[in-house]
Amino acid sequence: MSRDRDPIRVALLGCGVVGSQVLRLLREQADELAARVGAPLELAGIAVRRPQRHPEVPAELLTTDAAELVGRPDVDVVVELMGGIEPARDLLLDALKGGRSVVSANKALLAEEGEALATAARDSGADLYYEASVAGAIPLLRPIQQSLAGDRIRRVAGIVNGTTNFILSAMESTGAGYADALEEAGRLGYAEADPTADVDGYDAASKAAILASLAFHTRVTAADVYREGIRDVTATDIASARALGCTVKLLAICEQVGGSSGDAVSARVYPAMIPKTHQLASVSGAFNAVFVEADAAGPLMFYGQGAGGPQTASAVLGDLVAAARNKVIGGRGPRDSAYAHLPIQPIGEVRTRYHINLDVHARAGVLAAVASVFAEQGVSIATVKQEGGDVAERSSTLRGGREADADDAGHGGDAGTDATLVVVTHEAADAALRATVEALSGLESVRGVASVLRVEGLGRPVHALGGAQ
Ligand code: NAP
């Protein structure tokens with residue numbers, strides 16, 4: 001029956017890692033896709049930069065003129081798998097304005113130009129789908145946007161970048177430093193020649209912007225997302241995390257927070273220690289996992305492969321089938337709702353716990369001096385340990401900021417010996433922690449602040465909830 005209908009004509013922009021797999025699946029599954037759509041999917045053309053590199057593609061389909069392809073009157077759906085902001089932005093805006101539906105995996109573009117694209121789609125009645133832009137194969141955006149449309153999402157937090165997760169997992173399992181683990185990731189094809197977008201957190205920040213926008217019905221761009229990458233995570237940080245029963249992950253965290261001036265959105269990307277008992281801690285290698293917490297649904301986990309040609313193509317094909325089906329039945333899918341207009345919570349107001357490694361001169365009074373700095377900034381210490389000598393757990397004994405004597409890090413005041421103090425705080429505002437670190441750096445007895453890592457509890461782990469069914 002579907003073969004009797006006019007085909008849905010598809011323009012494919014890009015035929016690289018993902019595009020070539022979309023092409024393969026379109027060919028291999030042509031009959032099934034036609035049955036699901038209600039009409040055959042037919043390629044109108046494939047735009048690339050260097051046609052000579054694509055001998056697998058019939059020459060008559062290839063073009064280097066993406067704008068001409070997008071503008072052809074018989075194109076129904078444009079699938080953009082080129083990446084980058086331009087020319088993708090102009091091409092997709094033109095496509096949408098011309099009433100063509102768009103499927104894209106381009107997280108950078110969606111995070112930066114999501115509003116303009118959504119407006120163009122709304123104005124022309126076209127569909128704009130981008131499931132593959134976050135967490136590759138994992139169905140995540142549609143569940144947030146559609147399945148949870150009747151619920152109130154409070155938090156979306158997870159591991160959305162496979163490259164950094166591979167590097168941190170390698171550091172954890174082998175004890176390697178960052179540089180060695182990055183080299184290994186590059187050798188195995190998990191890191192690009194220029195790994196900046198991944199290791200500095202830009203890729204995760206784009207995904208966080210998309211997730212926060214959909215989860216909280218507001219507009220969040222990549223520039224709104226606070227971002228720290230993993231370059232400064234050391235083997236010592238990983239070992240310290242292990243000693244605390246934690247592991248280090250690059251997290252993307254999006255939360256709707258209440259404040260004195262009303263609700264706001266916190267969107268942030270940074271490496272953090274999380275308890276080994278949390279589901280996200282066991283997500284290793286290039287896998288992704290996202291933990292969604294909604295009022296009525298409770299916690300939900302989404303887990304799977306966050307990248308790769310076939311995996312990402314699966315999500316692209318899902319979007320393509322949805323967009324094509326809408327063309328066949330003459331309707332359109334649900335669109336982005338961005339009615340909430342929530343402000344962004346400044347990072348200085350975000351509250352979390354911190355793990356701080358301090359290199360100190362081991363001498364009498366060091367602990368007292370350090371503790372009083374924390375107390376002055378209103379940052380409460382949960383535990384402090386001295387490493388490199390006797391390791392004494394001093395849970396909460398320092399909270400008053402005055403409990404120190406010659407027994408503390410100094411062991412009788414031997415000023416020639418160095419020691420490391422490992423401090424874990426209770427929840428504190430980021431701004432207070434920054435002020436604390438700055439003041440600590442100025443202490444005569446502190447040789448340096450070796451590292452500061454956040455410790456995230458990430459709400460209630462799924463297995464801890466139990467209770468009534
Ligand atoms: P890729 O392998 O670099 O492929 C890009 C393709 O786009 C190539 O075929 C290239 O042509 C073509 N292209 C680039 N600029 C063009 C231009 N100006 N005009 C015409 N063609 C152009 O990229 P990819 O890994 O497939 O990624 C594509 C998109 O999917 C990106 O937005 C990426 O963020 C997203 N994504 C990728 C993955 C993944 O695992 N790779 C996962 C999730 C999302 P040539 O072949 O001639 O150079």
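Which residues of helix α1 (residues 19-28) are buried? They are Gly19, Gln21, Val22, Leu23, Leu25 and Leu26, where buried means under 20% relative accessible area, exposed over 50%, and partly exposed in between (1.4 Å probe, protein chains only).

1. Basis of the values. This is a predicted model, in which local features need pLDDT of at least 70 and side-chain atom pairs count only at pLDDT 80 or more, while totals for chains, interfaces and linings use all residues. Residues are numbered from 1 along each chain as its sequence is written, and side-chain values use heavy atoms, with hydrogens and water left out. Helices (H or I, at least four residues) and strands (E, at least two) are DSSP runs, numbered from the N terminus.

2. The six-stranded sheet. An open sheet with parallel pairing has the strand order β3-β2-β1-β4-β5-β6. Its edge strands are β3 (62-63) and β6, each of which pairs on one side only. Two strands count as paired if DSSP finds at least two bridges between them. β1 and β2 pair in the parallel sense over six bridges, and arginine 9 stands opposite glutamate 42 in β2.

3. Strand β5 and its neighbours. β5 (residues 101-104) pairs with β4 (residues 77-80) in the parallel sense over four bridges, with valine 77 opposite serine 101. Two bridges join β5 to the parallel strand β6 (residues 128-129), where leucine 128 is the bridge partner of valine 102. In a regular strand the side chains alternate between the two faces of the sheet. In β5, Ser101 and Val103 point one way and Val102 and Ser104 the other way, and all are buried.

4. Crossovers. Helix α4 (residues 88-97) forms a right-handed β-α-β unit with β4 and β5. Helix α5 (residues 107-124) likewise forms a right-handed β-α-β unit with β5 and β6. A crossover is right-handed if, with the strands pointing away from the viewer, the path from the first strand over the helix to the second runs clockwise.

5. The whole structure holds 29 salt bridges, each defined as a side-chain nitrogen of Lys or Arg within 4 Å of a carboxyl oxygen of Asp or Glu. One of them joins arginine 9 to aspartate 74, with the closest N and O atoms 2.6 Å apart. This pair links distant parts of the chain, 65 residues apart: arginine 9 is in strand β1 and aspartate 74 in the loop between α3 (66-71) and β4. Arginine 9 is buried at a relative accessible area of 18%, whereas aspartate 74 is partly exposed at 33%. Another salt bridge joins arginine 363 and glutamate 444 (3.2 Å, N to O). These two residues are 81 residues apart, in the loop between β13 (351-361) and α13 (366-376) and the loop between α14 (430-441) and β17 (446-455), respectively. Arginine 363 is partly exposed, with a relative accessible area of 21%, and glutamate 444 is exposed at 61%.

6. Glutamate 32 and arginine 36 form a salt bridge (3.4 Å, N to O). Both lie in helix α2, four residues apart, about one turn of the helix. Glutamate 32 is partly exposed at 42% relative accessibility, as is arginine 36 at 45%. Elsewhere, Arg155, Glu255, Arg268, Glu293 and Glu456 are linked in a network of salt bridges.

7. The ligand. Of the 21 residues around the ligand, Cys15, Val18, Arg50, His54 and Gly308 come nearest; a residue is near a molecule or strand if one of its heavy atoms lies within 4 Å of it. A backbone N or O atom lies 2.9 Å from a ligand oxygen atom in valine 17, 2.9 Å in valine 18 and 2.7 Å in glycine 308.

8. Glutamate 172. This residue is in helix α7 (residues 162-174) and is buried at 18% relative accessibility. Its side chain makes a polar contact with the side chain of lysine 276 (3.2 Å). A polar contact is a pair of N or O atoms within 3.5 Å; within protein, one must be able to donate a hydrogen and the other to accept it, and residues adjacent in sequence count only if both atoms are side-chain atoms. Not counting residues up to four places away in sequence, glutamate 172 touches Ile238, Arg242, Thr247 and Lys276.

Notes. Contact = heavy atoms within 4.5 Å.
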